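Colleague: I'd like to learn how to read a protein model like this one. Could you take me through the features step by step?

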Amino acid sequence: MSDSQAQFIEVDALRVGMYIYLDLGWIGHPFALNNFKIISTSQIDTIRSLGVQRLRWSPERSDLELPTSSPQSVAEIAADAKSAAVADRRQRLLDQRAMLQHCEREFSNATQTFRLLLKQVQQQPTVAGELAEEMVSGLVGNLFEQSESFIRLLSEKAGEHASLHTINVTVIALLLGKRLGLDAAALKPLGLGALLHDIGKIALPERLRWRDKGLTSAEHRLFQQHALYGAEMATRMGLDDAVCAIIAQHHEYMDGSGFPEQLAGDALSPASRILSLVNHYDNLCNPTNPVTAMTPHKVLALMFAHNQHKFDSNYLGVFIRMMGVYPPGSLVLLTDNRYALVVSVNSARPLKPRVLIYDPQLPSEDALIVDLEMESTLGIRLSLKPLQLPRAVFDYLSPGQRLCYFFERARDLVDAQEAR
């Protein structure tokens, strides 16, 4: 088709059956040919993600089941298709925003409940214990309402800053416990241990509540006692011995290199092994000093390559498979050389996460999240550090200094898709 005969169509008006021409270099798109007939909606999504506003197409070579062709009927079909595509995109964006807002509200509620719990611990410990049990029961109940859950990255502004680590650890520990086959009854003590694992820091002097390399050996030994202080507080809260043991052991490692008692191997309860692993992961991703933070991808690689001896090997393997090679919060380069931020991972199918892709032609708040599981020709090439991003990309993707996780229910995603 010559340029003089070319008909152009907006990308939002593309339909399955159209024969299109991509006027891009061979490295500018992931398709085998520059001109072809569209056979799936995933191809349309990929074309839209390329950043072109319109492209050439051939009504004669298309298969749209048109009536006797006339310029007017083709134009009307294209206009109707564009209108439908715009409406579909608008609805998907609304669904996306609604699901994110739902996650953020639940996370915010969790951080506020935990803050209230902390205020009750010393004066009304049994009230605090009841509040903790109610909170964990709610989280476990939500987790078992559907067969699959996504691990969703949220803005670090979504909840109380001081509670981010606690909620992260609780959410991920529960997800890992479920992946390991624990039922709701077994998840509740794990969830309580995770939620209260740092509660003993209340008993420390203010300057010691957050570890610092400048501590003296005596101060460091005192800091290590927070695990035992936490177990004592849990007893006063009326929680059972299993929960207290999980709290006491959350810094112990399988090789005996942890603290405060240097326990090893079978001396650690299964729930303690889960919590120790998850706590270690989040402490490396979200250290007290954000400057020393590692990317989630690097943390998993480090734990697998150099720290395997610290963890139950089976639990570590399941954890890595659950989080994916590129966990939520990872900055990545896609196979088509575009930059993206991993925003959620399906804990049951982690190899194809959902990503927010940098698109300079769209405001970030209007960008649709792309599910790589639906993109057969698109994947992740490598993980990046924030400093490796061009400034415009960094500002667009806005990676936070601290990672913030919560559940995103797969059922909600399916319901939103089926409603369209």
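Modeller: Buried means under 20% relative accessible area, exposed means over 50%, and partly exposed is in between, using a 1.4 Å probe and protein chains only. Here, buried residues make up 50% of the 420 residues in the protein chain. Keep in mind that this is a predicted model, where local features need pLDDT of at least 70, side-chain atom pairs count only at pLDDT 80 or more, and totals for chains, interfaces and linings use all residues. Residues are numbered from 1 along each chain as its sequence is written, and side-chain values use heavy atoms, with hydrogens and water left out.

Colleague: How many helices and strands does the protein chain have?

Modeller: Both are DSSP runs numbered from the N terminus: helices are H or I with at least four residues, strands are E with at least two. The protein chain has 13 helices and 11 strands.

Colleague: And how do I read a sheet?

Modeller: Strands of a sheet pair through backbone hydrogen bonds, either parallel or antiparallel. We call two strands paired if DSSP finds at least two bridges between them. In this model, an open sheet is made of 4 strands in the order β1-β4-β2-β3, with antiparallel pairing. Its edge strands, β1 (7–10) and β3 (35–37), each pair on one side only. Inside that sheet, β2 (residues 19–21) and β4 (residues 54–58) are joined by 3 bridges, and Tyr-21 has Arg-56 in β4 as its bridge partner.

Colleague: Why is strand β5 described as largely enclosed?

Modeller: Strand β5 (residues 149–153) is largely enclosed by the rest of the structure because 5 of its 5 residues are buried. Ser-149, Ile-151 and Leu-153 point one way, Phe-150 and Arg-152 the other, and all are buried. β5 also pairs with β7 (residues 339–346), antiparallel over 3 bridges, and Ile-151 sits opposite Val-345 there.

Colleague: Which residues touch the most other members of the largest nonpolar core?

Modeller: A nonpolar core is a set of buried Ala, Val, Leu, Ile, Met, Phe, Trp, Tyr and Cys residues joined through side-chain atoms within 4.5 Å. The largest has 78 residues, and those touching the most other members are Leu-117, Leu-195, Leu-196, Tyr-281, Phe-319, Met-323 and Phe-406. Helix α4 (residues 164–179) gives the most to this core, with 9 residues. Apart from it lies another core of 16 residues, including Ala-13, Ile-20, Leu-22 and Leu-55.

Colleague: What does Leu-192 touch?

Modeller: Contact means heavy atoms within 4.5 Å. Leaving out residues up to four places away in sequence, Leu-192 touches Ala-132, Glu-133, Val-136, Leu-239 and Val-243. Leu-192 belongs to helix α5 (residues 184–195) and is buried, with a relative accessible area of 6%. Its C-alpha atom is 8.7 Å from that of Ile-247, 55 residues apart along the chain.

Colleague: Where is Ser-330 found, and is Ser-330 buried or exposed?

Modeller: Ser-330 is in the loop between α11 (313–323) and β6 (331–334), and counts as buried at 1% relative accessibility. A polar atom of the Ser-330 side chain lies 2.7 Å from the backbone oxygen of Pro-327. Not counting residues up to four places away in sequence, Ser-330 touches Pro-296, His-297, Ala-340, Leu-341 and Val-342.

Technical notes:
A polar contact is a pair of N or O atoms within 3.5 Å; within protein, one must be able to donate a hydrogen and the other to accept it, and residues adjacent in sequence count only if both atoms are side-chain atoms.
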